Amino acid sequence: SGDSDSSGDNSTYRKYSRKIMALRLQFQGLSRFSRLLMVASRRNNSSGDSDSSGSIRSAGGAWAQRESTAEELYFRKLEAEKLENLKKEVSKAHQEEIRIHEESVKELQDQIKRHTEKINLYQKKLKDQK
């Protein structure tokens with residue numbers, strides 16, 4: 001019966017290990033996306049007469065600056081929310097993995113205790129026979 005429990009723990013462990021790896025990949029993708037947004041934002045702010053004819057930004061002035069700032073703040077806030085959600089998911093996955101390991105440790109400690117009691121019992125029987 002202990003083997004079936006440990007195989008269940010192993011499958012749960014594998015499931016959460018895969019989830020952690022997926023979250024790491026998402027985090028890396030988010031980080032790359034963030035860098036791309038920053039580069040694109042710098043390019044838009046530095047190039048005045050590119051292929052943006054007809055857009056509000058190309059018109060210049062206070063409205064263009066305000067719109068650019070609002071857009072940049074929106075994406076920063078969106079990225080911060082995604083990063084916070086990702087941190088929470090990673091934390092949950094790690095907490096679950098810790099719980100699984102603690103259960104495994106408890107089970108192994110119980111097995112050690114049981115075997116130690118059997119050894120002590122056999123040693124006592126041997127002494128009694130002598």
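Which pattern does the chain follow, read along the sequence? In this predicted model, the pattern is α-α-α. The chain holds 3 helices and 0 strands. Of its 130 residues, 10% count as buried.

Helix α3 covers residues 61-129. Its 69 residues, taken at 1.5 Å each, should span 102 Å. Several residues of α3 are buried. They are Ala-64, Ser-68, Leu-86, Ala-93, Glu-96, Glu-97 and Ile-100.

Salt bridges were examined next. The whole structure contains 4 of them. One pairs Arg-76 with Glu-72, at an N to O distance of 2.7 Å. Both residues belong to helix α3. They sit 4 residues apart, about one turn of the helix. Arg-76 is exposed, because its relative accessible area of 54% passes the 50% cut-off. Glu-72 has a relative accessibility of 28% and therefore counts as partly exposed.

Another salt bridge joins the side chains of Arg-99 and Glu-96, with N and O 2.3 Å apart. Here the spacing in α3 is 3 residues, again about one turn of the helix. The partners fall into separate accessibility classes. Arg-99, at 35%, is partly exposed. Glu-96 has a relative accessibility of 18%. Buried means under 20%, so Glu-96 is placed in the buried class.

Asp-110 and Lys-106 form a further salt bridge, with 3.4 Å between the closest N and O atoms. Why are Asp-110 and Lys-106 separated by about one helical turn? They are 4 residues apart in helix α3, which means a separation of about one helical turn. An α-helix has 3.6 residues a turn, so residues three or four places apart point the same way. Asp-110 is partly exposed at 42% relative accessibility. Lys-106 is exposed, with a relative accessible area of 51%. Elsewhere, salt bridges with shared partners link Glu-96, Arg-99 and Glu-103 into one network.

The surface charge was then considered. Which residues form a positive surface patch? The patch is made of Lys-15, Lys-19, Lys-88 and Lys-92. Two helices, α1 (2-46) and α3 (61-129), each supply at least two residues of this patch. Lys-19 is placed in helix α1. Is Lys-19 buried or partly exposed? The relative accessible area of Lys-19 is 41%, so this lysine counts as partly exposed. Patch residues need over 30% relative accessible area and no salt bridge. Lys-19, at 41%, therefore clears the area threshold for a patch.

Helix α3 carries the pairs Arg-76 and Glu-72, Arg-99 and Glu-96, and Asp-110 and Lys-106. Helix α3 also contributes, with α1, to the positive patch.

Key
Residues are numbered from 1 along each chain as its sequence is written. This is a predicted model: local features need pLDDT of at least 70, side-chain atom pairs count only at pLDDT 80 or more; totals for chains, interfaces and linings use all residues. Side-chain values use heavy atoms; hydrogens and water are left out. Patches are made of residues with over 30% relative accessible area and no salt bridge: like charges are joined within 9 Å, nonpolar side chains (Val, Leu, Ile, Met, Phe, Trp, Tyr) within 5 Å. Accessible areas come from the Shrake-Rupley method with a 1.4 Å probe; for residues, only the protein chains shown count as cover. Lys and Arg count as positive and Asp and Glu as negative; His and the chain ends are not counted. The place of a charge is taken as NZ of Lys, CZ of Arg, CG of Asp or CD of Glu. Buried means under 20% relative accessible area, exposed over 50%, partly exposed in between (1.4 Å probe, protein chains only). The expected span of a helix is 1.5 Å times one less than its number of residues.
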